[in-house]
Amino acid sequence: MDERTIRILEFPKIRERLAGKTVSAAGRERAQTLLPAVDAHEVRSGLDETGEAMALMAGAEVPLRGTSDIRDALQRAAIGSTLDPQDLLGIHDTLHTMRQCKGFVQARSEHAPGLADLARRMGTFEALENAIRHTVADDGSIPDSASSDLGRIRREQRITHTRMREKLEELVRGQYARMLQDPIITSRGDRYVLPVRQEFKGSFPGVLHDQSSSGATAFMEPLAVVPLGNRLRELEIEEREEIARLLRELSVRIGEASPEIRRSYEALGQIDFAVAKALLAETMRATKPALREDGALRFLQARHPLLTGDVVPIDVWLGDEFTTLVITGPNTGGKTVTLKTLGLLALMAQAGLYVPAAEGSEATVFPQVFADIGDEQSIEQSLSTFSSHMGAIVGILKQVQRRALVLLDEIGAGTDPTEGVALARALIEHLHAREIRTVVTTHYNELKSLAYTHQGIQNASVEFDTETLRPTYRLLIGLPGRSNALVIASRLGLDPAVVDKARQLLGAKAVEIDRILSDIEADRKAYEYELEQAARLRVEADTMRTRSQGELERLRTERKQILARAKEDAEAMLARARREVDAIIERLKVAGTVPAVQEARASLGRLREELEHVAEVPNAEEGESLTDARPGQPVFIVSLKRTGTVLAPPDAKGEVEVEAGGMRVKVGLAGLRTAGPPHEPSPVDAAPRQGNITTAEPVPMSLSLRGDRVDEAIPKLDKYLDEAFVARLPKVTIIHGKGTGALRKAVHEFLSSHPYVKTYRLGERGEGEAGATVVELDVML
């Protein structure tokens, strides 16, 4: 990838932001050296890696903090150097973080399989962690518990030191007190001394180590403590040697494991790098672009990631309907930003980064990306603006390949306009003929005609508001830019006579073209307004449809509840009727007299009249079936138990559109009945009526399941047992046939756990034998 282009498109600033999201040195190096890839598989892997990292971060922080750059320490340990305690602490903390990160990622492997595979390749060094923690304390010191020898040495040091202090204090308070300048114990070097007056220096039994600057005080070590001082010195040497041995042993172990530790650390850096890409995507509100390999891209609502404040997003695409885009428009209107946005987002996608654009955006893999944007004239090299741009373009043409992306800002500018137009046109046609994806910006109106004479070249413009005299920064593909100079001059107060003269000099043809472009722009704005209104109405329609569906579902639920209550009332009434019949029969059996018979007949007559009344009460809403329906006709909707009005005749499927309760529904003709004028059911109408039931059909004493599969037979059996139980049948027969015995086995398994079944057995002679099962129901429940 061209280094100059990477710098011009400001990709290094994206790398800096990415590096700021990393927490490990290895991850930071990856971010700082990131480059766009030109291999589609590599680009796709990079984008997938970013997506997996975003999934890892959902609801939890990836444990990456606490590491340090241990690579130099590993290298020194590998060649036999002894590491100091701070190096060892850094390695310990890094090994601990690697172990935590490995477990965290592997536990979420279903969300991040690629990163989990990377984590599986990381080693765990828990034994080495424990050894370092046992040897080195948090402050970098070596504790007494690091080894038994070190513990013994330090205990002896403390004992010897205590004995020495006691001896010195005895001397200070004893016979030599008058010889001392001050009754204190001090030290010189690593030896304890007493401040002796100069005049007693020759008579004090001790070794001279120093004297004061005035010469009045000699610092002498009493001979009585010299052996103890020597022993302390020996113990210090032993301590130092023991600590060196412990550090050397740890360093050897680390050196032996350094290749695997380094590989694991690099894997940790890769995970850190992936998480940084995800964090950057969150910060930029970026999305994953779909990857195409045909040289076409489409960025929707794209934003330049380095711009701050109120950024106007743009829609830009290239490579499908056209491969060359010519952008015109005023200065500071956003042409250059459009070029940089397109180029930078293309580089980011190829680097495996999400792009600040809307969902549905598409990127492609360009073999090369070249950009010549801005003025890089060099005073030292005596290059003009034109020479600078032309030198860059010459270099691009020498390297560019088919399907590369080339971005040229103000093509042909900086020289004579006539020659500049000719040169710009020749360059655009040359790049277009070589199938190079090209986007150029220009002020030359003459280049707009290329879109009408060459297939695959398209115009675009940056919008300018002539009312506010400010650019809107919106990119309009398909519409060439207008020349707004005369409009701006007129609005700024230039003499109308001067403006009219300018129009005359411009020529009628140019003025007419500008008028046509103005009309096109007005039509476009009207179309956008209508499109916006249509979108708003579509949202409202969706809301109404959702609301209607909810209302319909509510009505269906109410209907089910009403029917369920009516069924319960009917079953209760039937059960009461059966109990009364049974009681009458029992009284007849006991009494058997004429008055009892007459009373029983009267009771049965009253019960019959009540049940007949129940059966004869018609539905107040439901009328006759319909063979046709006409708009405006009142009908009764059987499924909803509501009246409504027909809105349209039956369609090809026989469905009728009906309005009921403020909503529109489609009902089959068979589900409609004649009705009076439509009205909403009152609470009384909607309430369940005990009289609105019919007597049930007689329940047969047997059920045949022969020929049914098990999944068909069991629901039938369940329903039949319910009906038989309600009808208070004490005994029923289930005919299942002999066959293979599978159906009989399934029936018996079902009967064994049914709450209504008291007992069951195979039929005897005359009852179907093994082909039938006799079931006794517990009707006393």
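Two strands are taken as paired if DSSP finds at least two bridges between them. Helices (H or I, at least four residues) and strands (E, at least two) are DSSP runs, numbered from the N terminus. The model is predicted: local features need pLDDT of at least 70 and side-chain atom pairs count only at pLDDT 80 or more, whereas totals for chains, interfaces and linings use all residues. Residues are numbered from 1 along each chain as its sequence is written, and side-chain values use heavy atoms, with hydrogens and water left out.

The chain contains 21 helices and 23 strands. Of its 781 residues, 41% are buried (under 20% relative accessible area; exposed is over 50% and partly exposed lies in between, with a 1.4 Å probe and protein chains only). Among contacts (heavy atoms within 4.5 Å) with a separation of 6 or more, 67% join residues 24 or more positions apart.

Strand β10 (residues 369–372) pairs with strand β11 (residues 405–408) in the parallel sense, over four bridges. Phenylalanine 370 in this pairing stands opposite valine 406 of β11. In a regular strand the side chains alternate between the two faces of the sheet. Both faces of β10 are covered, with Val369 and Ala371 buried on one side and Phe370 and Asp372 buried on the other.

A nonpolar core is a set of buried Ala, Val, Leu, Ile, Met, Phe, Trp, Tyr and Cys residues joined through side-chain atoms within 4.5 Å. The largest such core has 56 residues, of which Phe11, Ile14, Phe299 and Leu325 touch the most other members. Helix α11 (residues 335–350) gives the largest share of this core, eight residues. Another core, of 48 residues, lies apart from it and includes Leu56, Ala119, Phe125 and Leu247. Leaving aside residues up to four places away in sequence, isoleucine 14 touches Leu280, Met284, Pro305, Leu306, Leu344, Met348 and Leu353.

In helix α3 (residues 25–32), the buried residues are Ala25, Ala26, Gly27 and Ala31. These residues pack against α2 (11–19), α5 (71–78) and α10 (226–284).

Glutamate 49 belongs to helix α4 (residues 40–56). Glutamate 49 counts as buried because its relative accessibility is 15%. Residues up to four places away in sequence not being counted, glutamate 49 touches Leu115, Gln270, Phe273, Ala274 and Lys277.
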